[in-house]
Amino acid sequence: MEPVQELMKVRIRKMEELKSFGIEPYPQRAWECQTTEKIKELYGNMEEEELKESSPSVRCAGRIVSFRDFGKSVFFHILDRKGKIQIYARKDVLESPEYELFKKFDIGDIIGVEGTLFKTKTKELTILARNIVLLAKSLRPLPEKWHGLKDIEERHRKRYLDLIVNEKIRDVFVKRSRIVNFIRLYLTERDFLEVETPMMHLIPGGADAKPFMTHHNALDLDLYLRIAPELYLKRLIVGGMERVFEINRNFRNEGISVKHNPEFTMLEFYQAYATYEDLMRLLEDLITRLVMEIHNGTKINFKGSVIDFSPPWQRYKMEEALEVIGGLNVREESLENLQKLARDLGMEDVNGASRGKLLTKIFEALCEEKLINPTFVTHYPVDVSPLAKRSKEDPDIVERFELYIGGMEIANGFNELNDPFDQKERFINQAARKGQDYPIDEDYIMALEYGMPPTAGCGVGIDRLVMVLTDSPSIREVILFPLLRP
RNA sequence: GGGCCGUUAGCUCAGUCAGGUAGAGCAGCUGACUCUUAAUCAGUUGGCCGGAGGUUCAAAUCCUUCACGGCCCA
């Protein structure tokens, strides 16, 4: 028998014993109570004497996470969604269950507690238990109380244990929810309409990535999980919705890394009659306020360095960034030199690549990880931006920005290409590069032919933003159940 | 896909360089203890050393290979 089963056997034996005394291990019973946080909020500031006089009665529930046994009394902590509170069970005070039966309870058990509050001599607010009810028996031993669960693989595979044992991880996901809520509120207050567009696409579009395939049986139809919602959201702009956003999953069938999970969460928002300049200002405002909301300040720590969100944020044209940060004067570099440089940086098939593609690749290799403070990079080459509008001054450049924070690409926005002729031509060129059978979204072209108002749109990688705001080194730390090999 | 590192008790880790009876702390179990909080004190159970091959009188340790993970590169 495996040793863990011996530990379980002990717990099962205790469970049987409790049952024989009429204590159900898995009752379906409601236990109305306050959170530990609420109890601390209401009574935490009261003096010992004051508490002693009023001795307020409270009820709470949670999981037993520690147990200090003194024979005829026990101190232990329970953990609920808001935190921990100490409970004190004494043989001469506990009414039910019988004290000896209560001592059969284990760390990990989920219980309800009813009792009166007092403060220990170390001033810790504690519940002197009168009634304790078993709400669910725990049969497996929890990870160690002091070191917790450290093994990264185990933490991701058994996220429930990670959440029980590692307070910081609970906090990451609380913050993640607050971040998404904040963004949602910010946009809806500005009259953006939240929408949901298809996850299953006939033609994968809106980004340059390999899709996951699936199949609809009744229609006998191959479908793709979306790589981006962009083309559908812009159809809604054509439809007159004017301001829309969607926060949802995208799926990209590519490598997994510290910055990439095959399914990830993206915010995309589109605003008619706005320009990408407007959206840079909006993003700067949104994220600065978000940082203030989460951190009560504009400076935060991320991976050992300090990120300062105080506006205005640095802006570079891509060529400037290459020069200032990468130390490369691109105007003077020949195509051959750029190809050689790209090849040295590990880029494959440099010979077929355009100047714009090479520059973008070199920019990403030389500059990206050095852009720690929020930085907008603008003036992207047209051939890496098939859905963005060309610059009036230079048709090889598009009116586009990317936002970098903490050495990662966080957002990408541009003036939307609404010229159906230019769009069709770019789709055709893209298809030619991708090879035969690469589908063109004719319906999207048709939508543009009906007329799309001048619009700016932007995508924000929510997972990466959460990484930055929670100082998490890996995207897997901000996704509850990241993809793992079985 | 490539390189490096890791996988030992439920958990956290020693032990691997230099082969010679598999260790500690916590958790568990038995006791003692009615203000502890990593409680304390005494005793104690628990191992397919990731899997499979190989070398050797002898393998957690050396070699090969596979699986899973981490970091870096693509």
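Glu368 forms a salt bridge with Lys259, the closest N and O atoms being 3.8 Å apart; a salt bridge here is a side-chain nitrogen of Lys or Arg within 4 Å of a carboxyl oxygen of Asp or Glu. Glu368 sits in the loop between helix 12 (355–366) and strand 15 (375–381), and Lys259 in the loop between strand 10 and strand 11 (263–272), so the pair ties together parts that are 109 residues apart in sequence. Glu368 is buried at 13% relative accessible area, while Lys259 is partly exposed at 28%. Buried means under 20% relative accessible area, exposed over 50%, and partly exposed in between, with a 1.4 Å probe and protein chains only. Helices (H or I, at least four residues) and strands (E, at least two) are DSSP runs numbered from the N terminus.

The model is predicted: local features need pLDDT of at least 70, side-chain atom pairs count only at pLDDT 80 or more, and totals for chains, interfaces and linings use all residues. Residues are numbered from 1 along each chain as its sequence is written, chains are lettered from A and ligands numbered from 1 in the order in which they are written, and side-chain values use heavy atoms, with hydrogens and water left out.

By the salt-bridge rule the count comes to 40.

| Pair | Closest N and O atoms |
|---|---|
| Glu153 and Arg157 | 3.0 Å |
| Glu230 and Lys234 | 2.8 Å |
| Glu368 and Lys259 | 3.8 Å |

Glu153 and Arg157 both belong to helix 5 (residues 152–157), 4 residues apart, about one turn of the helix. Glu153 is partly exposed at 46% relative accessible area, and Arg157 is partly exposed at 36%. Glu230 and Lys234 are likewise 4 residues apart, about one turn, within helix 8. Glu230 counts as buried at 5% relative accessibility, and Lys234 is buried at 0%.

Glu47, Glu49, Glu50 and Glu53 make up a patch of negative charge, where patch residues have over 30% relative accessible area and no salt bridge, and like charges are joined within 9 Å. Glu49 is placed in helix 3 (residues 48–54). Over chain A there are 71 positive and 80 negative side chains, the centres of the two sets lying 7 Å apart. Lys and Arg count as positive and Asp and Glu as negative, without His and the chain ends.

Backbone geometry has several marked positions. The peptide bond from Ser96 to Pro97 is cis, with omega near -5°, and Pro97 is in the loop between strand 3 (83–90) and helix 4 (99–102). Pro311 and Pro312 are also joined by a cis peptide bond, with omega about 0°; Pro312 lies in the loop between strand 13 (305–308) and strand 14 (314–317). Asp220, a residue other than glycine, has a positive phi near 50°. Asp220 is in the loop between strand 8 (213–216) and strand 9 (221–225) and is exposed at 58% relative accessible area. Glu242 has a positive phi near 65°, lies in the loop between helix 8 (230–238) and strand 10 (243–251), and is partly exposed at 36%.

Chain A contains 15 helices and 18 strands. Of its 486 residues, 49% count as buried. Its C-alpha trace spans about 85 × 55 × 50 Å along the principal axes.

Key. Patch = residues over 30% accessible without salt bridge, like charges linked within 9 Å, V, L, I, M, F, W, Y side chains within 5 Å. Areas by Shrake-Rupley, 256 points an atom, 1.4 Å probe, with all protein chains shown as cover. Charge placed at Lys NZ, Arg CZ, Asp CG, Glu CD.
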